[in-house]
Each structure stands twice: as structure tokens, then as C-alpha cells.
Amino acid sequence: MEQFNDALVSVFEEQFKQKNLSFSREIDVIHKDVICDALKLKEIFLNILSNAIKYTPEGGHISMSLKELPSGKEDVGIFQCVISDTGIGMSEEFQTHLFEEFTRATTETESKIVGSGLGMPIVKRLVEFMDGKIEVKSRLGEGTTVTVMIPHQIADRSAMKKMQSHALEYANDLFNQKRILLAEDNDLNAEIAEEILGGVGFMVERAKDGIICVHMLQEAEEDYYDIILMDIQMPNMNGYDATRKIRQLSGKRLKFRLLR
């Protein structure tokens with residue numbers, strides 16, 4: 001768990017420096033090795049931390065604590081992660097809609113960032129998929145605290161090494177040298193996606209809007225890209241319109257008709 005925590009925080013070191021944000025963390029766990037879906041966990045906490053950075057003004061503070069709680073089962077621990085920030089916060093009314101799809105608050109920061117809750121519906125689904133719970137407490141103008149509690153099976157170290165070896169071999173075989181065209185206008189979101197996808201062997205090329213995405217696909221050889229990951233809300237041309245354009249392309253590019 002400590003290695004996972006270290007890798008997670010390292011993704012945002014540059015963002016902390018750029019916004020002059022202070023960051024503190026605390027780890028209090030008995031069992032350092034657990035069996036879990038590392039990719040899903042990474043997506044959960046990258047989303048939460050990216051929100052904390054995005055909605056915390058320069059000079060603010062973000063804290064992260066990880067604690068192991070008893071579960072009542074000898075081979076299972078409940079791991080509680082609490083991420084707090086001194087950011088713009090959310091109104092009580094908006095918090096009731098935080099986990100709804102495409103929800104945005106009307107509050108606007110000095111940097112013109114609108115809304116809060118980037119990816120939170122996805123986060124909630126992933127947490128609940130792993131039999132966990134998520135709770136968000138926030139006050140407008142004072143900050144936000146997100147608490148995630150997920151049970152994990154305690155791992156035997158020797159068994160864990162074997163599982164990691166098999167998983168790495170599988171990922172390398174399945175994803176290595178596969179090329180993804182990532183359509184994403186948000187720099188932070190793109191960096192997170194590139195970190196996750198690159199970590200399992202994908203090669204990622206980014207388009208900052210739908211127009212650029214369609215152009216890159218048209219200019220590339222027909223078998224150049226294996227997958228397109230399309231954001232919906234982008235400037236110049238949104239994801240829906242870009243997907244319609246792609247579906248009208250001829251030749252082998254029609255394989256992308258299956259994208260949703």
C-alpha cells in the first residue's frame with residue numbers, strides 16, 4: 001500500500017509546485033501487501049486528487065491519510081483514505097447532485113474553472129464495485145474532504161509476487177505497442193490518462209479537441225491507431241460530433257464505428 005501511495009503522489013508533484021500547494025500525508029497500516037485492482041484504485045484516487053488540485057487556489061493545502069481499520073475478518077482489512085483540501089468547496093445543494101452524470105456547479109473561481117466533481121460519478125461506481133463506500137463533506141469557500149473506505153484481502157507476499165509477475169506478462173502481451181488516440185482538452189486529465197495507459201504498455205498520442213482528433217486519424221495510416229478514447233466536452237468540436245465524423249470515414253477506419 002505504501003508503494004501504491006508513493007506512486008500516486010508522484011504523479012502530482014509538478015502540479016503541487018506550479019500552484020504552490022503544500023501537501024502532507026500520513027500512513028497508518030498494519031498490512032502493507034493487499035490483493036486489489038490497482039488500476040481501478042489508481043483511477044479513483046487520481047480523480048480525487050486532481051479535483052483537490054484543480055479547485056484549490058494557489059498557496060492552499062491538501063492532505064491525504066491512509067489508515068487500516070479492522071474488518072472482523074482475519075484475512076481482510078478495511079483501508080480508509082481521507083483526502084482534504086482548502087479549496088473553493090461546494091454548496092450543500094450541489095453536494096446532493098455530486099455523483100450525477102455531467103453535473104457542474106455554477107460557482108466560478110478566479111481562474112474561470114467552473115464546477116467541481118470531475119469524474120465523481122465514475123469514482124463512486126468504482127468504489128461501490130469494490131464493495132466500498134465514499135463520503136464527501138464540503139463547505140463553500142472552505143474546502144472539501146473525501147473519505148473512501150474499501151475492503152482488501154490481505155496478501156501473502158510470495159503469492160503476491162507470483163500474481164504481479166503473471167499480471168505484468170499478461171499486460172505486456174495484450175497492450176504492448178498498441179496505440180491509443182486520446183481526445184482530451186484538459187491537460188491534467190490527459191496526464192493522468194497517459195500515466196495509467198503508459199504504465200500497462202500502451203503508446204498514447206493526444207488530440208486537444210475533436211477537430212484535431214479527426215485530422216490526426218485522417219492523416220495517419222489506416223491501421224496506425226488501435227483505440228480512440230474520446231472525451232465528450234471539448235472546445236471547437238465536442239466528442240459526439242467528432243465521433244460522427246469518424247464514423248463517416250471510409251476504409252478500415254470503419255472499425256471505430258464500435259466506439260461509444
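Which residues of β7 lie on one side and which on the other, and are they buried or exposed? I started my notebook with this strand.

**Entry 1: ground rules.** I am reading a predicted model, where local features need pLDDT of at least 70, side-chain atom pairs count only at pLDDT 80 or more, and totals for chains, interfaces and linings use all residues. Residues are numbered from 1 along each chain as its sequence is written, and side-chain values use heavy atoms, with hydrogens and water left out.

**Entry 2: strand β7.** I found Arg 179, Leu 181 and Ala 183 on one side of β7, with Ile 180 and Leu 182 on the other, and all are buried. Buried here means under 20% relative accessible area, exposed means over 50%, and partly exposed lies in between (1.4 Å probe, protein chains only). The count for β7 is five buried residues of five.

Next I looked up the neighbour of β7. Strand β8 (residues 203–207) pairs with β7 in the parallel sense over five bridges. Two strands pair if DSSP finds at least two bridges between them. Ala 183 has Ala 207 in β8 as its bridge partner. For the names, helices (H or I, at least four residues) and strands (E, at least two) are DSSP runs, numbered from the N terminus.

**Entry 3: two loop residues.** Asn 20 has a positive phi of about 55° and is found in the loop between α2 and β1 (22–28). Asn 20 counts as exposed because its relative accessible area is 55%.

**Entry 4: salt bridges.** How many salt bridges does a search of the whole structure find? The search finds eight. The rule is a side-chain nitrogen of Lys or Arg within 4 Å of a carboxyl oxygen of Asp or Glu. I wrote down three of them, as follows.

- Glu 195 bridges to Lys 42, with the closest N and O atoms 4.0 Å apart. This pair links distant parts of the chain, since Glu 195 is in helix α7 and Lys 42 in helix α3 (residues 38–54), 153 residues apart. Glu 195 is partly exposed because its relative accessibility is 36%, while Lys 42, at 17%, counts as buried.
- Glu 128 and Lys 124 meet at 2.5 Å, N to O. Both lie in helix α5 (residues 120–129), four residues apart, about one turn of the helix. Glu 128 is partly exposed at 44%, and Lys 124 is partly exposed at 25%.
- Arg 139 and Glu 142 meet at 3.9 Å, N to O. Arg 139 is exposed at 57%, and Glu 142 is exposed at 51%.

**Entry 5: a negative patch.** Which residues form a negative surface patch? I noted Glu 13, Glu 14, Glu 191 and Glu 194. Such patches are made of residues with over 30% relative accessible area and no salt bridge, like charges being joined within 9 Å. Asp and Glu count as negative. Helices α2 (13–18) and α7 (187–199) each supply at least two residues of the patch. Glu 13 is in α2, and Glu 13 counts as partly exposed because its relative accessibility is 44%.

Note on methods:
Patch = residues over 30% accessible without salt bridge, like charges linked within 9 Å, V, L, I, M, F, W, Y side chains within 5 Å. Areas by Shrake-Rupley, 256 points an atom, 1.4 Å probe, with all protein chains shown as cover. Charge placed at Lys NZ, Arg CZ, Asp CG, Glu CD.
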